[in-house]
Amino acid sequence: MSINTELKPTPRILMGPGPSDVHPRVLRAMATPLLGHLDPEYLGIMDEVMSMLRQVFRTENELTFALPAPASAGMEAGLVNLIEPGDEVIICVNGFFGNRMSDIVERCGGNLVRVDAPWGSPIDPEQVRTALETCKAKLVAIVHAETSTGVLQPLDEISQIVHEAGALFLVDAVTSLGGVDVRVDDRGIDAIYSCSQKCLSAPPGLSPVSFSLKAVAVIEGRKSKVNS
Ligand SMILES: *Cc1c(COP(=O)(O)O)cnc(C)c1O
C-alpha cells in the first residue's frame with residue numbers, strides 16, 4: 001500500500017470468537033482526537049474505564065485496569081507477576097490455552113504441575129484437590145471458557161478447593177467476560193485477565209485485568225524481580 005492510497009478494508013461479518021463486530025459508536029470513538037497520557041481528560045477516561053471494568057468483572061478490586069495489549073499479555077502479566085523461580089504452580093489443561101499458560105510457568109522458572117482433562121471435557125474439581133495434596137502450590141490457574149473446544153468450566157467448587165489449600169486462584173476469562181457471569185469477588189478469584197475483542201465486542205488491543213488484595217500483597221512481597 002502506498003502512502004497515497006486510502007485504507008479501505010472490505011466489510012466483513014465477524015462470526016468467530018473474536019475479533020467481533022463492533023458498534024458504530026465504538027468506531028466513531030476511535031476517530032476522535034488523540035489525548036496525551038497525562039492529560040486530565042485522559043485520566044478521567046481511564047478512571048471511568050476502570051470503574052466500568054469493575055462492574056463487568058463484578059469486583060471491588062482497586063487494581064482493575066486495561067493493559068494496552070492483547071489478552072496474551074494479560075496472561076503473561078498475571079503469571080509472571082505472581083510466580084517466582086521455584087514456586088509450585090498447578091495449571092489445568094483441557095485445551096490450547098491451558099497449554100500456553102504451562103509454557104509461561106516454565107519460562108519464569110516455576111515448577112509446573114499439570115492437571116489434564118481430555119480436550120472437550122471440563123476439569124474435575126477432584127483432580128485439582130488431588131494435585132493440591134501432592135504439592136505445595138502457590139497458585140492454581142484455569143481457563144474459564146476454553147475457546148479451542150467451547151467448554152465452559154464450572155469455577156465455584158474449584159475456587160473453594162484452591163482457597164482451602166491456601167493457594168491463589170488465577171482465571172483466564174478471555175472468551176467468558178461479557179458473555180457469561182464471571183463474578184470475581186463472589187468466587188474469590190485472585191487474578192483474572194480478558195480481552196476487548198471477544199464478548200466485549202470492542203476492537204483488539206486491550207486486556208482488562210484485575211488482582212485481589214491478596215495477589216497484590218504477593219506481588220509486593222516478591223524476593224526476585226519480575227521475569228519480564
Ligand atoms: C483468544 C484467547 C486468548 C488470547 O487472546 P489474544 O487477545 O489473541 O492474545 C487467550 N485465552 C483464551 C481462552 C482465548 O480465547
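Colleague: Before we start, what counts as a polar contact here?

Modeller: A polar contact is a pair of N or O atoms within 3.5 Å. Keep in mind that this is a predicted model.

Colleague: Okay, so how far is the ligand from the side chain of Lys198?

Modeller: One of the ligand's oxygen atoms sits 2.8 Å from an N or O atom in the Lys198 side chain, so that pair is within the 3.5 Å cut-off.

Colleague: What about Thr147 and Thr175?

Modeller: For Thr147, a ligand oxygen is 2.3 Å from a side-chain N or O atom. For Thr175, the distance from a ligand oxygen to a side-chain N or O atom is 3.2 Å.

Colleague: And how much of the ligand does the protein bury?

Modeller: On its own the ligand exposes 380 Å², and the protein buries 87% of that.

Colleague: Which residues come nearest to the ligand?

Modeller: There are 13 residues around the ligand, and Ser72, Thr147, Asp172, Gln197 and Lys198 come nearest. By class, that shell has 6 nonpolar, 4 polar and 3 charged residues. Helices H3 (71-82) and H4 (96-107) each supply at least two of the shell's residues.

Colleague: Switching topic: what's the volume of the largest pocket?

Modeller: About 1,200 Å³. The largest pocket has 30 lining residues, and Ala29, Ile45, Val49, Met52 and Leu206 lie nearest its centre.

Colleague: Which helix gives the most to that lining?

Modeller: H2 does, with 9 residues. In your sequence, helix H2 covers 40-57.

Colleague: What classes of residue make up the lining of the largest pocket?

Modeller: The lining has 23 nonpolar, 5 polar and 2 charged residues.

Methods
Residues numbered from 1 in each chain as written. Predicted model: local features only at pLDDT ≥ 70, side-chain atom pairs only at ≥ 80, totals over all residues. Heavy atoms only, no water. 1 Å grid on protein atoms, 1.4 Å probe; cavity = no way out; pocket = protein on both sides within 12 Å on 5 of 7 lines; lining within 4 Å. Points joined across faces, edges and corners; volume = space filled by probe spheres on them. Helix = DSSP H or I, 4+ residues; strand = E, 2+ residues; numbered from the N terminus. Nonpolar A, V, L, I, M, F, W, Y, C, P; charged D, E, K, R; others polar. Near = heavy atom within 4 Å. Polar contact = N/O pair within 3.5 Å; in protein donor to acceptor, adjacent residues only side chain to side chain. Areas by Shrake-Rupley, 256 points an atom, 1.4 Å probe, with all protein chains shown as cover.
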